[in-house]
Amino acid sequence: MEDQDRLRKIFPNADVDEEVLIFTRKHWFMFLIIFIIIFAMLIVPFALLMISIRFYPQFFVGSIINFVVVFSSMYLLFISAAFLLGFVNLYFDIVILTNKRIVDINQNGLFNRTIDELDILHVEDVSAKVTGFFGTMLDFGCVEIQTAGTARNFIFTNIPHPREFTQKLTSEYKRLISSPSGNVALKTIDTAEGLGERAVGVFNHKDLRRPGGIANLGAEKSENLSPKSAPIEPESKPISENIPKTAPPDFQIPKIPENKNEPVLNIPETPETPEKPIEGELHEGTIVDLTVKKPDQNQNPDDK
Amino acid sequence: MIILLLAYLAFLLGFIIISGLGLYHLWKYGFRGDMTKIVMITYIVVTGIIIFFSLAIMLSLKWGSVSFPSIEEFIPQIFRGG
């Protein structure tokens, strides 16, 4: 519930049924490194100062004390500010995985904050990489997500449990693809007979992608929806066979004028028959059968 | 010597601006129940202590012709409110 509130804060118009699966920041080891660096920057100079005062007290007399006090104070404040900025930089690098999208929030300094989001169905390939001694021991690493199209790839560095992240992303991708309301793209194909005869196959969008990677996850569904199973009626003949081989008796060959500027005469005008519009709106996933059916020959024309 | 003191005050002004921006980020982008509030409070307390003691020590030192009360006199004056 807390994560839901966080998502609402980032995306006020997030879907009602959108569920946060993973909300993660950088691994705590990165924060520990910042603490160690800050601690070392605090300890080392002051230890050196104390040693100097202890062994060389003759240097710290008069106005030298003023300099030491002023610069020590400035140094301490500088370290504090560096800690704050480092913390802001690390703490606001957030990765959110929901059941619909991936959100990547990048904070670079105080004045550079980017929020990128990616639909899970646009994920093309995902890989988790764990390298180094600490990464292996503490289970943190890098997740790289390749996206379809021109969208930039998503790279999350030093996030905890990268393998778990990719597994959840993969299973969510699989679930979305196999769901009936999944992102189904409509693709039309022309048969070899051509000349306008078309059969419509419904493809999952992954069929339009290159083979390999995460795109193969829903293969069992794509088999059912492959173009081979497209609803082509076996009895319907290609439209090319419906065109008469001989010209009709009232057909006249147009007269070609000698002067090229003179318009062609006697061209029989054929009334334009606009294509019958498909009723209703087409949405993703709408299955439309555009197969040209042969007219029923057994039907008596007088019945009309 | 007074220049050193003025330089310190200028640095202090810049530090306060940067800190204000950092704290603003923590306040604006933090979520309920996360570490931002703890960090904000810790930062304000720690830097407040640093600034307070730095000023207390500096004011107890001699800065040329300008004389300030010593730290032993200065701290009780603050707690007495003058």
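In the predicted model, Gln107(A) lies opposite Arg113(A), a residue of strand β4(A). The strand β3 of chain A, which covers residues 101-107, is joined to β4(A) by seven bridges, and the two strands run antiparallel. Both belong to an open sheet of four strands in chain A, arranged in the order β1-β2-β3-β4 with antiparallel pairing. Because β1 (20-24) and β4 (113-119) of chain A stand at the edges and each have a single partner strand, one side of each is left without a neighbour in the sheet. On average, and with direction ignored, neighbouring strands of this sheet are turned by 10 degrees against each other. Helix α5 of chain A, residues 162-178, packs on the sheet, where it touches β1 and β2 (94-98) of chain A, and its direction makes about 155 degrees with that of β1(A).

In chain B, helix α1 comprises 28 residues (2-29) and reaches 41 Å from its first C-alpha to its last, which is close to the 40 Å expected at 1.5 Å a residue. This helix packs against α2(B) at an angle of about 170 degrees, with the two axes 11 Å apart. Since angles over 145 degrees count as roughly antiparallel, α1(B) is roughly antiparallel to α2(B). Residues of α1(B) that make the contact include Leu5(B), Leu12(B) and Trp27(B), while those of α2(B) include Val39(B), Tyr43(B) and Ile51(B). The residues of this contact divide into 10 nonpolar, three polar and no charged.

Within α1(B), the residues Tyr8(B), Gly22(B), His25(B) and Leu26(B) are buried. The elements that cover the buried residues of α1(B) include α2 (36-60) of chain B together with α3 (64-91) of chain A.

Key: Residues numbered from 1 in each chain as written. Chains lettered and ligands numbered in written order. Predicted model: local features only at pLDDT ≥ 70, side-chain atom pairs only at ≥ 80, totals over all residues. Expected span 1.5 Å × (residues − 1). Buried ≥ 20, exposed ≤ 12 C-beta atoms within 10 Å, placed from the backbone. Contact = placed C-beta atoms within 7 Å. Pairing = 2+ DSSP bridges. Axes fitted to C-alpha atoms, helices over the stretch in contact; angles between N-to-C directions. Parallel < 35°, antiparallel > 145°, perpendicular 65-115°, else oblique. Nonpolar A, V, L, I, M, F, W, Y, C, P; charged D, E, K, R; others polar.
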